[in-house]
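Subject: Handing over the structure

Hi,

Here is the structure I said I would pass on.

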Amino acid sequence: MVVLKKTWSKGLAVLALAPMLALTACSAQGGKQPDANAGGGGQAVSTPKIKVALITHAAAGDTFWDIVRKGAEQAASKDNVDLLYSGDADGGRQAQLVQQAIDQKVDGIAVTLAKPDALKDVLKKAQSAGIPVVTLNSGSDVSASLGAFTHFGSDEQLAGEAVGARLAQDGFKHPICVIQEQGNVALEKRCAGVKEKEPNTEILYVTGTDMTSVESTATAKLQTTKDADVIVGLGAPFSVTLLKSVADAGSSAKVASFDLNAELAQDIVDGKVIFTVDQQPWLQGYMSVDALWQNKLGGFKLGGGKPVLTGPAIVDKSNASDVLKFAQQGIR
């Protein structure tokens with residue numbers, strides 16, 4: 001895997017991953033059901049059981065969050081953590097889930113900040129209750145101000161710029177960047193980064209909860225934008241759908257992507273998708289739970305007050321075959 005290097009490397013923490021067992025407990029809220037084979041064998045820690053809530057802005061059908069959750073489950077099994085997972089794409093309902101975790105007197109909260117304004121008040125309540133908070137995936141720039149002691153994720157602006165630079169390098173002139181959730185700060189930053197490096201980039205908003213609508217909206221856009229030479233999806237399921245839109249429109253546009261799953265990795269191997277930028281979500285889930293356990297164990301705070309970066313990392317034809325085997329295991 002080729003990892004892009006820039007000044008963000010100063011914030012990177014290098015962690016050793018310990019052996020893991022299958023998850024001992026997990027709530028049934030949101031996402032897929034726990035994977036009974038999520039662990040890799042080995043012995044769990046002997047520290048007392050603690051309760052950690054992982055609350056994401058997961059939308060139904062987005063396989064990205066299955067990978068985040070699998071990482072969290074493996075850390076939970078290793079750390080003797082009772083993991084309560086839940087998610088909701090609506091900012092207000094996500095805030096309610098955080099409040100539920102506070103009411104349950106959890107020992108730590110890991111939360112995504114796609115819509116930070118909706119969560120700032122409830123996170124103040126967590127702070128007042130003495131519950132340590134880490135953030136993951138989105139909201140790195142506001143994480144500390146909302147009370148989190150660290151953040152795990154990719155720099156979305158930098159990731160977008162990496163995509164834009166790669167497209168410009170490869171000779172593309174007119175990208176379309178497809179945002180599946182309007183108002184999601186991380187997604188907006190991705191396309192802003194692409195546009196920073198390739199100013200002719202157009203933004204297309206689609207309804208990510210309806211894949212039929214995603215396909216038809218993108219098809220219509222490609223039919224009316226004949227000079228579009230590449231269309232960029234901001235998540236693996238959406239990019240796979242955009243392949244159908246390109247075919248439906250009779251367009252010659254190529255498809256590039258953010259994020260990864262097994263189907264998309266195979267499409268890169270097969271030359272259907274030119275590349276993706278992986279933020280390594282398994283690490284985001286694992287590190288978030290493990291950091292809260294470490295904080296409980298010894299008051300440790302990873303990152304030195306800075307985000308711990310899990311990306312961006314380019315996956316293209318040169319390394320997709322190596323990544324594919326991990327994607328097929330559900331951890332990439």
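Below is what turned up, starting with the sheet and ending with a few single residues.

Some ground rules before that. This is a predicted model, so local features need pLDDT of at least 70 and side-chain atom pairs count only at pLDDT 80 or more, while totals for chains, interfaces and linings use all residues. Residues are numbered from 1 along each chain as its sequence is written, and side-chain values use heavy atoms, with hydrogens and water left out.

**The sheet**

Start with the open sheet of six strands, which are in the order E3-E2-E4-E5-E6-E12 and pair in parallel. (Helices, H or I with at least four residues, and strands, E with at least two, are DSSP runs numbered from the N terminus; two strands pair if DSSP finds at least two bridges between them.) Strand E3 (81–87) and strand E12 (308–311) are at the edges with a single partner strand each, so one side of each has no neighbour in the sheet. From one strand to the next, the twist averages 20°. Angles here run from 0 to 180 degrees between N-to-C directions, and axes are lines fitted to C-alpha atoms, for helices over the stretch in contact.

Which residues of E5 are buried on each side? Val133 and Thr135 are on one side, Val134 and Leu136 are on the other, and all of them are buried, so both faces of E5 are covered.

E5 pairs with E4 in the parallel sense over four bridges, and Val134 in E5 is the bridge partner of Ala110. To get from E4 to E5 the chain passes through helix H3 (residues 116–128), in a right-handed β-α-β crossover. Right-handed means that, with the strands pointing away from the viewer, the path from the first strand over the helix to the second runs clockwise.

Two bridges join E5 to E6, again running parallel, with Leu136 standing opposite Phe152 in E6. Strand E6 (residues 151–154) is in turn joined to E12 by three bridges, also parallel, and there Phe152 stands opposite Val308.

**Helices**

How do H2 and H3 lie relative to each other, roughly parallel or roughly antiparallel? Helix H2 (residues 91–103) packs against H3 at an angle of about 5°, with the axes 8 Å apart. H2 and H3 are therefore roughly parallel. (Angles under 35 degrees count as roughly parallel, over 145 as roughly antiparallel, 65 to 115 as roughly perpendicular, and the rest as oblique.) Residues of H2 including Val98 and Ile102 meet residues of H3, among them Leu119 and Val122. Contact means heavy atoms within 4.5 Å. By class, this contact has eight nonpolar, four polar and one charged residues. (Ala, Val, Leu, Ile, Met, Phe, Trp, Tyr, Cys and Pro count as nonpolar, Asp, Glu, Lys and Arg as charged, and the others, Gly among them, as polar.)

**Single residues**

- Asp259 sits in the loop between strand E10 (254–258) and helix H8 (262–269). Asp259 is buried at 5% relative accessible area and, not counting residues up to four places away in sequence, touches residues including Phe64, Arg190 and Gln279.
- Lys105, in the loop between H2 and E4, has a positive phi, near 55°, in a residue other than glycine. Lys105 is exposed at 69% relative accessibility.
- Gln280 also has phi near 55°, but is buried at 15%, in the loop between strand E11 (275–278) and H9.
- The peptide bond from Gly311 to Pro312 is cis, with omega near 10°. Pro312 is in the loop between E12 and strand E13 (313–316).
- Ser140, in the loop between E5 and E6, is 166 residues from Lys306 in sequence but 8.8 Å away in space, C-alpha to C-alpha.

Cheers

Notes:
Buried means under 20% relative accessible area, exposed over 50%, partly exposed in between (1.4 Å probe, protein chains only).
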